[in-house]
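This report describes the helices and strands of the structure shown below. Please keep the sequence and the model in view while reading.

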Amino acid sequence: MMPEWGTLALALAIVLSLSGAVLGLGPMPLPVELNLKLLRNCTLGVWWALAVAFALLVTALVTHDFSVAYVAKNSNTELPRLYCVAAAWGAHEGSLLLWALLLSLWSVLVARHSRSLPPTFRLKVLGVLALVQLGFLLFTLLTSSPFERNLVVPDEGADLNPILQDPALALHPPLLYMGYVGTAVAFAFAVAAMLTGHLDQAFARWVRPWTLASWLALTLGITLGSFWAYYELGWGGWWFWDPVENASFMPWLAATALIHSLAVTAQRGLFRQWTLLLSILTFSLSLLGTFLVRSGVLVSVHSFAADPTRGLFILGLLVFYIVGALLLYALKGQSLTQRGGFDATSRESFLLFNNALLVTTALLILLGTLWPLFLEVFQWGQISVGPPYFNVAFMIPMLPLVALASVGAHAAWKHGALWRRARGLAATAAIAMVLAVLLRSVYPSGGSWLTLCGFFAGCLILCSSLALWWWDLRASFGLRHAAVGMVVAHLGIGVFTIGVTGVSSFAIEKDVSLAPQESAVVADYRVTFIALQPVKGPNYDGLGGTFELRHANQWLATVESQKRVFHAGGAPMTHAAIFSRGGYDLFVALGEDLGAGKWSLRLQYKPLVRLIWWGGVLMALGGLWALVFRAKEVKA
Amino acid sequence: MTRVLRQFWPFWVFLGLAAVFAKALIGIDRGAIDPHAIQSPLLGKRAPEFDLPSVLDPTQRVRLQDSAGRYRVINVWGSWCVACKAEHEALLKLHLQQSIQFIGIDWKDDPSTALEYVRKLGNPYDAIADDQAGQVAIDYGVYGAPESFLISPQGIVLAKHTGPLTEAAFAAEFAPLMKPGATS
């Protein structure tokens, strides 16, 4: 009976979302306050209904109820408990339910923490959120219900996709979806603002914390996903420019731009049109990502079962929300007139460049992601757009962006007054240059002039951000919380830039064939293949190779890389051995049996690679700081 | 006019994009577009001719023209190729069920290992050509093993399947292209 209760809960959530949307956006025969009260209860009701549905799905997975098709397809009795739970978002249907659940969570949070907003505005925000919720719930129930039954109950299920059986996976999709879905809040605020005419600075102040929160979740989700790909996929790469990765990165870029443009709108009342458009764009890109991934129009390593019918449904939703919002924007958003100018070196100018560069990057990545599709649709032939394009499309706007951010953070609003800090900034740049040259000299071989550029840009933003703290402290007004958040996030950018530059300039990769007791050298590190032994996991068997790592004849570690064959079938998975110390990682992956006792091995030396994820963590910490302490400031 | 351009441009850009997506989805639905296929430029063109020593009997030659007048599946494989082992069972079954020729191109392989391989696992092929130099694989634009081509009785490449051939894939991709009269 349990799955039927799940379907019922979904249906209830649909009815409540529909009521919510009508209450929020329809004609208002009732007094506003009463309307709002009803709408808030609907929002809360949707959350409870979906929480019950989700709990039922998890229960079905944990109790191995193979009469549910989703459970039989994505889990089996050997699967460890943690992954049984994680299987709830390991495939298309379940992950959509999580999507809907998280959207309802955002809606409840917005309903609770928006008491200071005008009632009509609040009504519209919650109404738009209910409308978005409604579309996705209909999609879930009509095309992708996780509660469908098997007519014949199998004795044993298939397995969760082996590459998803990893602790990081337990967190990566929920965080990412939290971020994706969170962009709906900024969208709802933008639409509500256009409907009610609240297109003032207040709008920007209201929406900022929500944008920051979804950006925070997106940042952590992407960072975790990148780290997971690095150690689980067995190739030692940290970013592949796969369509699904791009689908998460484009909304991140747009949300980053939005945070910055909201700062201008909140402080100065400028960029209002642009901020509105950007709110719509951010949500569009996150919906577009969902569409690209789930409809099967693009090929990706993250394969969801592709289905054109589902694709058409999502496309319908996409068109409905985005076309509606853009139409509204065309009719209402442009009536805004802007007052107040700013100097060429003011903070506004720098943020304008920031937005232009971030959005350009997002559009270049969108172009590269969609280009193969365009060619195919218009029958111009087939191509695939790979890392060479994306690396350039990413780097060309990003290096100037990092440099501009280093200077722009010091500029004052309206009148840049940068001359006050001209000498200080010059000194900062000089220090950054010395640091970059020092860093470059640590690695005697490899690298190019771009390496120095990358190190310089990274060091520059680190030094200039720290300098901001130093000047703030000396200026006796102490540290401002907003500035602390910004500085920490910018430090994260610097750390990330140095990491990317280091690993792309100096990484060494070697494919060798070794028999036990033989050894090979990669970048001064000697890797000795000690022995091969069988390993046994809960739902897989396999082979483990032990390797000894030495540097200058000094023992560093003994590590194991495994090749796992899951009982439920499928290609064997490589579990790489990664030794991490200070400034570098050593990566050993056991490959194929070449016969005669030899095995193919992939050895990699990856300097500074960890900085990439530490950078991501720092950015998120900065966002968190701004979110928590700014909220306090606003309340106070 | 300027008003329409200035205020509505995001709207039009997005509508254009949505139209492209709709076209792509309809294309996929009708089978006109398959994002997973690495399409062969050979489709609809004459299959490249080859003349190679036979793996089964090195004194014999294997030529494409020898099987002219019949539907044939050219299967590129190698005893070194793990994925080929995965399709072997399906090939054996298909060879029994379908009254068409199966020609194996043994790609960059040692013919004696290949011979041992088919002796052990069964031989699904009517003829196996020994392509040690890999020239025929280049002519056919092979990306990796296994790959299979369906060739018409007139020698035209009708379809290409990348990766292990399964009974389902055969039924979906190859069978509909064959006219029943011509197979015998």
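Two strands are said to pair if DSSP finds at least two bridges between them. Helices (H or I, at least four residues) and strands (E, at least two) are DSSP runs, numbered from the N terminus. The model is a predicted one, in which local features need pLDDT of at least 70 and side-chain atom pairs count only at pLDDT 80 or more, while totals for chains, interfaces and linings use all residues. Residues are numbered from 1 along each chain as its sequence is written, and chains are lettered from A and ligands numbered from 1 in the order in which they are written.

**Sheets of chain A**

Strand 8 (residues 584-595) of chain A runs antiparallel to strand 9 (residues 598-607) of chain A, and nine bridges join them. Within this pair, Asp593(A) has Trp599(A) in strand 9 of chain A as its bridge partner. Both strands belong to an open sheet of four strands in chain A, with antiparallel pairing and the order 1-9-8-7. Strand 1 (508-514) and strand 7 (577-581) of chain A each have a single partner strand at the edges, so one side of each is left without a neighbour in the sheet. On average, neighbouring strands of this sheet are turned by 15° against each other, direction ignored; such angles are taken between N-to-C directions, from 0 to 180 degrees, using axes that are lines fitted to C-alpha atoms, for helices over the stretch in contact.

An open sheet of five strands in chain A has the order 2-3-4-5-6, again with antiparallel pairing. Here strand 2 (519-522) and strand 6 of chain A stand at the edges with a single partner strand each, so one side of each lacks a neighbour in the sheet. Strand 4 and strand 5 of chain A form a hairpin with two residues between them, and Ala552(A) in the turn has a positive phi of about 50°.

| Strand pair (chain A) | Sense | Bridges | Residues standing opposite |
|---|---|---|---|
| Strand 4 (residues 540-551) and strand 5 (residues 554-566) | antiparallel | 12 bridges | Gly544(A) and Gln562(A) |

**Helices of chain A**

The axes of helix 1 (residues 2-25) and helix 2 (residues 32-62) of chain A come within 8 Å and cross at roughly 160°. That angle makes helix 1 of chain A roughly antiparallel to helix 2 of chain A (under 35 degrees is roughly parallel, over 145 roughly antiparallel, 65 to 115 roughly perpendicular and the rest oblique). By class, their contact has 20 nonpolar, nine polar and no charged residues (Ala, Val, Leu, Ile, Met, Phe, Trp, Tyr, Cys and Pro count as nonpolar, Asp, Glu, Lys and Arg as charged, and the others, Gly among them, as polar).

Helix 6 (residues 119-143) of chain A has 25 residues and reaches 36 Å from its first C-alpha to its last, close to the 36 Å expected at 1.5 Å a residue (1.5 Å times one less than the number of residues). Of its 25 residues, 19 are buried, so helix 6 of chain A is largely enclosed by the rest of the structure. A residue is buried if 20 or more other C-beta atoms, placed from the backbone, lie within 10 Å of its own, exposed if 12 or fewer, and partly exposed in between.

Leu367(A) lies in helix 12 (residues 347-377) of chain A and counts as partly exposed, with 13 C-beta neighbours inside 10 Å.

**Chain B**

Chain B contains five helices and seven strands. Buried residues make up 36% of its 184 residues.
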